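Me: I would like to go through this model with you, one topic at a time. Could you put it on the screen?

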Amino acid sequence: MAGGPAGLRVLVVDDLTEMRTLIRRALSARGYAVDVASSLTEARELGPAGYAAVLVDAHLGPEQGIDLIKDLEAEDPEAARRCMLMTGGSAGAVPDGIPILAKPFQLTELLSAVQALHGRSSAAAAGRRQDQETAVPPEPAPAGPEPASPAELAATDQRVWGLLELGRGLRVRERGELADFLHDGPIQELTAAGLELQLMAKATGQDSSRIESVLERLETAGRSLRWLVDGQWLLQVTETQLLAAMERRTTWLLAAPVVVDTDGQPGALSPAEVPAVTDVTELMLLSLIPVRPPVRARVTVRARDQLIEIGLILTPAGDGQRLDEAGTGQAGQARAALDRLASVLASPARAELGPRQWRAWITLRRPGGPGEREQPP
């Protein structure tokens, strides 16, 4: 390997013909021996463990490229270290130590990634030999937090809480569909266009400054698309901390980060309750917040033995602004929307909608308890 890449074998697995062709052209020009496959079946038939580097697209039509890497890891961890996942969206669960090449990527990024990839195994092997000579038994891992009790998990089967969970699952699925569309469409096209442009420039000797300018525009467009896939509003993240969940899920609705008050009970909600309370808060904001002007919000969450009370205080973001600039009709629409939400949740609600401050409450029955509903104070 010290003598350069000549003769080193690389396997490229991508379901799009154009991507396979462009990547093979780029790597072949550097002396690599490149084989391509359009599916996991074709890749397995080629014996991926025998390659110095394996580049696998994350989405291969109905198949997931990560499955090939996981299979290799189970059979030969050393072979898995020579794999790289190419993705134009969220990569999902990736085994530790597996690098990711984000699309759209430039020619130099592709070449650098492959060069680094086929050089990992020899360095890792030498490191393992040294580690084996001086190995020390690992200390036991510290005990993690107690898992949710069976009663808490079973509580999500109740009608209201189950409905919230179904809604959250629907949004996750919609997000996955969006990621697949962006990956198989615009992001793939941007990647292919960038690689082809660089290969054409090398072949024709065109002005590099003009090429770089176009490539920067393509990269900017690619980053914008990737934000839609990898932005912080992803719902796949497990929501167990109320403040972090509230900030992540309400930012798009507010002019400033939400202020959360747990009334001196920061750990009063169970892991099963945090995402549902966050869902209800987001739905309350969506029901109440006018299109204009932007607002600030303070959320108060009080957890009692049988009930959870969610309170909102909304104020205009700018001095001198009013929340009801369109007149009483806007406040009336907000009140009606809040009532509809309360009806769906089978929960009592109350609102005080003044010109410069809106206050609203919804009280949820806690899962697993038959307590009586209480009106907010």
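Predicted model: local features only at pLDDT ≥ 70, side-chain atom pairs only at ≥ 80, totals over all residues.

Me: Which strands form the open sheet with parallel pairing, and in what order?

Reply: The order is 2-1-3-6-7, an open sheet of five strands. Its edges are strand 2 (33–37) and strand 7, each of which pairs on one side only. On average, neighbouring strands are turned by 20° against each other, direction ignored. Helices and strands here are DSSP runs numbered from the N terminus (H or I with at least four residues for helices, E with at least two for strands). Two strands pair if DSSP finds at least two bridges between them.

Me: How many bridges join strand 6 to strand 3, and how many to strand 7?

Reply: Strand 3 (residues 53–57) is joined to strand 6 by four bridges, and Val-54 stands opposite Cys-83 there. Three bridges link strand 6 to strand 7, where Met-86 has Leu-101 as its bridge partner. Both pairs run parallel.

Me: Is strand 6 enclosed or open to the outside?

Reply: Strand 6 (residues 83–87) is largely enclosed by the rest of the structure, because five of its five residues are buried. Buried means under 20% relative accessible area, exposed means over 50%, and partly exposed lies in between (1.4 Å probe, protein chains only).

Me: Which way do its side chains point?

Reply: Cys-83, Leu-85 and Thr-87 point one way from strand 6, whereas Met-84 and Met-86 point the other way. In a regular strand the side chains alternate between the two faces of the sheet.

Me: Which helices lie across this sheet?

Reply: Helix 1 lies across strand 1 (9–13), strand 2 and strand 6, running at about 170° to strand 2. Helix 3 (residues 66–75) lies across strand 1, strand 3 and strand 6, at about 165° to strand 6. The angles run from 0 to 180 degrees between N-to-C directions, and axes are lines fitted to C-alpha atoms, for helices over the stretch in contact.

Me: How do helix 1 and helix 5 pack?

Reply: Helix 1 (residues 17–28) and helix 5 pack at about 65°, with their axes 11 Å apart. They are therefore roughly perpendicular to each other; angles under 35 degrees count as roughly parallel, over 145 as roughly antiparallel, 65 to 115 as roughly perpendicular and the rest as oblique.

Me: Which residues meet there?

Reply: Ile-23, Ala-26 and Leu-27 of helix 1 meet Leu-107, Leu-110, Leu-111 and Val-114 of helix 5, contact meaning heavy atoms within 4.5 Å. By class, this contact has seven nonpolar, no polar and no charged residues. Ala, Val, Leu, Ile, Met, Phe, Trp, Tyr, Cys and Pro count as nonpolar, Asp, Glu, Lys and Arg as charged, and the others, Gly among them, as polar.

Me: New topic: what is the strand order of the sheet with mixed pairing?

Reply: That open sheet of five strands has the order 8-9-10-12-11. Strand 8 (259–261) and strand 11 are its edge strands, and the twist averages 15° from one strand to the next. Helix 11 packs on this sheet and touches strand 9, strand 10 (307–316) and strand 12 (358–365).

Me: How do helix 10 and helix 11 cross?

Reply: The axes of helix 10 (residues 242–250) and helix 11 (residues 273–288) come within 10 Å and cross at roughly 35°. By class, their contact has six nonpolar, three polar and three charged residues.

Me: Finally, where is the cis peptide bond?

Reply: A cis peptide bond joins Lys-103 and Pro-104, with omega at about -5°. Pro-104 lies in the loop between strand 7 and helix 5 (107–118).

Me: And which residue other than glycine has a positive phi?

Reply: Ala-346 has a phi near 55°. Ala-346 sits in the loop between helix 12 (328–345) and strand 11 (349–353), and counts as partly exposed because its relative accessibility is 24%.

Methods
Residues numbered from 1 in each chain as written. Heavy atoms only, no water.
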